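Colleague: Could you take me through this model? I would like to begin with the overall fold and then turn to particular residues.

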Amino acid sequence: MSSNMRFRLKLSPRGWVSSAVFAASPVIIPGLVSLTKPRPVHYNGLGYGLFAVAAALIVLRQIRAATVLEAGGIRMHRTFSSRYLPWNEITGVEVIARAKVRLVHVRTSSGQLVRLPAPIAGGSFEDTQFDAQVAEITAAWSAATA
């Protein structure tokens with residue numbers, strides 16, 4: 001393989017909206033509760049702090065989550081960790097459908113099933129190139145192990 005191929009998460013507009021609502025929930029929920037009380041609830045910024053943390057985690061996930069195909073194997077970048085699997089430890093590439101989401105997994109020589117962070121299709125994720133990217137991952141694995 002001449003150059004590294006990189007696959008990233010692609011959040012759909014619906015996914016961005018649901019992520020924004022999740023991130024804003026520490027601010028929205030106390031605000032809604034205060035509407036039911038005779039006096040408004042004054043909170044000391046805890047909701048805003050939680051909002052900032054949740055928003056930062058969502059952005060960090062979007063920036064970090066990726067699958068990189070290298071000459072020697074697959075490198076998986078997650079929000080807080082990275083993992084490298086050499087091609088010779090991978091025995092197969094599988095697409096598993098869960099609910100409305102299709103996820104790519106690789107099976108290791110020890111029998112462990114490892115989910116790749118990207119590509120993902122369905123649910124909150126919009127990836128029109130999903131099948132082509134799975135074919136590229138499978139072709140890279142086949143070429144490296146042939």
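Predicted model: local features only at pLDDT ≥ 70, side-chain atom pairs only at ≥ 80, totals over all residues.

Colleague: How many helices and strands does the protein chain have?

Modeller: The protein chain has 3 helices and 7 strands, where helices (H or I, at least four residues) and strands (E, at least two) are DSSP runs numbered from the N terminus. Along the sequence the pattern reads β-α-α-β-β-β-β-β-β-α.

Colleague: And what share of the residues is buried?

Modeller: Of the 146 residues in the protein chain, 34% are buried. Buried means under 20% relative accessible area, exposed over 50%, and partly exposed in between (1.4 Å probe, protein chains only). Contacts, meaning heavy atoms within 4.5 Å, can also be sorted by separation: among those with a separation of 6 or more, 50% join residues 24 or more positions apart.

Colleague: Let us look at H3. Which of its residues are buried?

Modeller: They are Phe130, Gln133, Val134, Ile137, Ala140 and Trp141. Viewed down the axis of H3, these buried residues lie within an arc of 125°, so they line one face of the helix; the arc is that of the directions from the helix axis to the C-beta atoms. An α-helix has 3.6 residues a turn, so residues three or four places apart point the same way.

Colleague: What do those residues pack against?

Modeller: The buried residues of H3 pack against strands S1 (5-8), S2 (66-69), S3, S5 (90-98), S6 (101-108) and S7 (113-122).

Colleague: Staying with S6, is His105 buried or exposed?

Modeller: His105, in strand S6, is buried, with a relative accessible area of 4%. Leaving aside residues up to four places away in sequence, His105 touches Gly92, Val93, Glu94, Ile96, Arg98, Leu113, Val114 and Arg115.

Colleague: Now a change of topic. How many salt bridges are there in the whole structure?

Modeller: A search of the whole structure finds 3, a salt bridge being a side-chain nitrogen of Lys or Arg within 4 Å of a carboxyl oxygen of Asp or Glu. One of them joins the side chains of Arg107 and Glu94 (3.0 Å, N to O). That pair links distant parts of the chain, with Arg107 in strand S6 and Glu94 in strand S5, 13 residues apart.

Colleague: Which residue pairs with Asp131?

Modeller: Asp131 forms a salt bridge with Arg102, with the closest N and O atoms 3.2 Å apart. Here too distant parts of the chain are linked: Asp131 is in helix H3 and Arg102 in strand S6, 29 residues apart.

Colleague: What about Arg75 and Glu70?

Modeller: Their side chains meet in a salt bridge (3.0 Å, N to O). Arg75 counts as partly exposed at 28% relative accessibility, whereas Glu70 is buried, with a relative accessible area of 16%.

Colleague: Finally, which residues form the nonpolar patch on the surface?

Modeller: Val53, Leu57, Leu60 and Phe80 form it, with about 390 Å² of accessible area together. Patches are made of residues with over 30% relative accessible area and no salt bridge: like charges are joined within 9 Å, and nonpolar side chains (Val, Leu, Ile, Met, Phe, Trp, Tyr) within 5 Å. Accessible areas come from the Shrake-Rupley method with a 1.4 Å probe; for residues, only the protein chains shown count as cover.

Colleague: Where is Phe80?

Modeller: Phe80 sits in the loop between strand S3 (73-77) and strand S4 (82-86), and Phe80 is exposed, with a relative accessible area of 68%.

Terms used
Residues numbered from 1 in each chain as written. Heavy atoms only, no water.
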